[in-house]
Every structure is written in C-alpha cells, then in structure tokens.
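Trainee: I'd like to learn how to read a protein structure. Could you walk me through one?

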Amino acid sequence: MKNKFYKKETPYDGLILSWFYSIWRRFNNPRLHKKLTSIAVENLALQKGDSVLEIACGPGYGFVNLQNAVGKDGHITAIDYSSAMLKQAQKRKEKNGWDNIDLIQMDARTIDYEELFDGVVSILGLSVVPEWELVFDKMVDACKTNRRVMDSIKGCLIMSAETRNIIGEMDKRLGDFEVLYFMNGLYFVASGIKL
Ligand SMILES: C[S@@+](CC[C@H](N)C(=O)[O-])C[C@H]1O[C@@H](n2cnc3c(N)ncnc32)[C@H](O)[C@@H]1O
C-alpha cells in the first residue's frame, strides 16, 4: 500500500478542520499531547525494523516517536480520512526525509489491511472517530498475535468520551491490559496484547 491520498475526498474532509486542529493543538497543552504520545508509543514495545500502523494519524504528530521506535529499517503505515490532514502529514514526512512512511486516505471503519503489523496505535483517535467499535475491531484484526494494540488519548475536549467504553472494550478483548490515567482521568493511555 503506497501513498494513496488526494485520490478520494470524503464528506468530513476540509482545510478548515485541519487548520482548526493545528491551532487547537498549539494552544491546548501541546506538551501534554507530546508526552502522552511518547508514552503511548513507548508502551507499544516496538523494536527496530518493526512495522506499525497508526490509525487517524492527523497531521502526523506521532511520527517522530514512531520513527525513533522502528528506525529507518522499520515501516509506518498511517491512515486518515482527511486529505487536508494528510497533506500536513506529507509535509512533515518530506521535511524529515521519512521515506518509510506510507500515508493512506481511507476510512478506518472499512479498510481491510493487506498485512499484519507489529503494533497498532491510535492517538486521539478512538475517542473521535464515528462508530469507534468498528475501528477498534479493525485495529485488533490488523495486529499480529502477541503484539500490542494501543489507544489512545481521550479527546474529551473534542467530544465527550464518557459515552464510549473504550477502556472496558480493550480490557475485554486484549491480554496483559494496562491503562495509565493522567490529569484526574481526563486523559488515558491504554494498551494490551492481541491474544
Ligand atoms: C483529533 S485528530 C488526532 C490526530 C493525531 N492522531 C494526533 O494525535 O494529533 C483525529 C483524526 O481522526 C481522523 N478520523 C476521524 N474519523 C476517521 C475515520 N473513520 N477514518 C480515518 N480517520 C478518521 C480525523 O481526520 C483526524 O485527523
């Protein structure tokens, strides 16, 4: 699967959304976002040379941590359905010379992956995507057995995550489940092993 974006517009696509997100992130505690992203990627326990799937990658804020984890011999597949977000991710990829990233514009609810990954991560993803259960199913399907599936940072300021039992579902479906809470439970980082 190679860079497939620009090819398909979606109803949710749009420059305004992607600009809004960049501005929101600049002012809404970017240090915390960076810290939690770094913990999330660390907990994936990736090795150099591994392949990793990032769902709802947005502008690619997680790439630097993922690159450090898998190295130049590893591979990152990053999915988002917004071409505006993916344009920002592409700029970040080019600026840093990260040739081992494939950016794919797809709906994470319906995509079928052609391979299994050593780790699957979504940051501020499951708490935002519509029909998150479908996306979570796809994340688990895409992960190799005994490797880690990781979500997330709860995006409470974007959408109330309280109605989404992400932690309960992860606990039910994954082994060796761990969840770390930050800021009185406003944010969490959770991971488990695909059984
Ligand atoms: C809050 S942003 C998070 C971006 C990035 N992971 C980060 O940490 O900054 C949520 C992203 O989810 C994407 N998204 C929402 N629903 C999606 C879906 N069904 N399939 C793929 N991407 C989706 C949006 O386009 C957006 O880029």
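Mentor: Let's go from the overall chain to a helix, some strands and the ligand. Keep in mind that this is a predicted model, where local features need pLDDT of at least 70, side-chain atom pairs count only at pLDDT 80 or more, and totals for chains, interfaces and linings use all residues. Residues are numbered from 1 along each chain as its sequence is written.

Trainee: How many helices and strands are there in the protein chain?

Mentor: Helices (H or I, at least four residues) and strands (E, at least two) are DSSP runs, numbered from the N terminus. Here the protein chain has 6 helices and 7 strands, in the order α-α-β-α-β-α-β-β-α-β-α-β-β.

Trainee: Which residues in helix α3 are buried?

Mentor: Count neighbours: a residue is buried if 20 or more other C-beta atoms lie within 10 Å of its own, exposed if 12 or fewer, and partly exposed in between, with C-beta atoms placed from the backbone. Helix α3 covers residues 63-70, and F63, N65, L66, A69 and V70 are its buried ones. Looking down the α3 axis, they sit within an arc of 160 degrees (taken from the directions from the helix axis to the C-beta atoms), so they line one face of the helix. After α3 comes G71, with a positive phi near 70 degrees.

Trainee: And is L195 buried or exposed?

Mentor: L195 is exposed, because it has 10 other C-beta atoms within 10 Å. You'll find L195 in the segment after β7 (187-194).

Trainee: In what sense do β4 and β5 pair?

Mentor: Two strands pair if DSSP finds at least two bridges between them. Strand β4 (residues 117-122) and strand β5 (residues 143-151) run parallel over 5 bridges, and V121 is opposite M150 in β5. From β4 the chain passes through helix α5 (residues 132-142) to β5, a right-handed β-α-β crossover. Right-handed means that, with the strands pointing away from the viewer, the path from the first strand over the helix to the second runs clockwise. β5 also pairs with β7, in the antiparallel sense over 4 bridges, with R148 opposite I193 in β7.

Trainee: Which residues come nearest the ligand?

Mentor: A residue is near a molecule if its C-beta atom, placed from the backbone, lies within 6 Å of it. Of the 21 residues around the ligand, A56, G58, S82, A108 and V129 come nearest. The shell has 13 nonpolar, 5 polar and 3 charged residues. Ala, Val, Leu, Ile, Met, Phe, Trp, Tyr, Cys and Pro count as nonpolar, Asp, Glu, Lys and Arg as charged, and the others, Gly among them, as polar.
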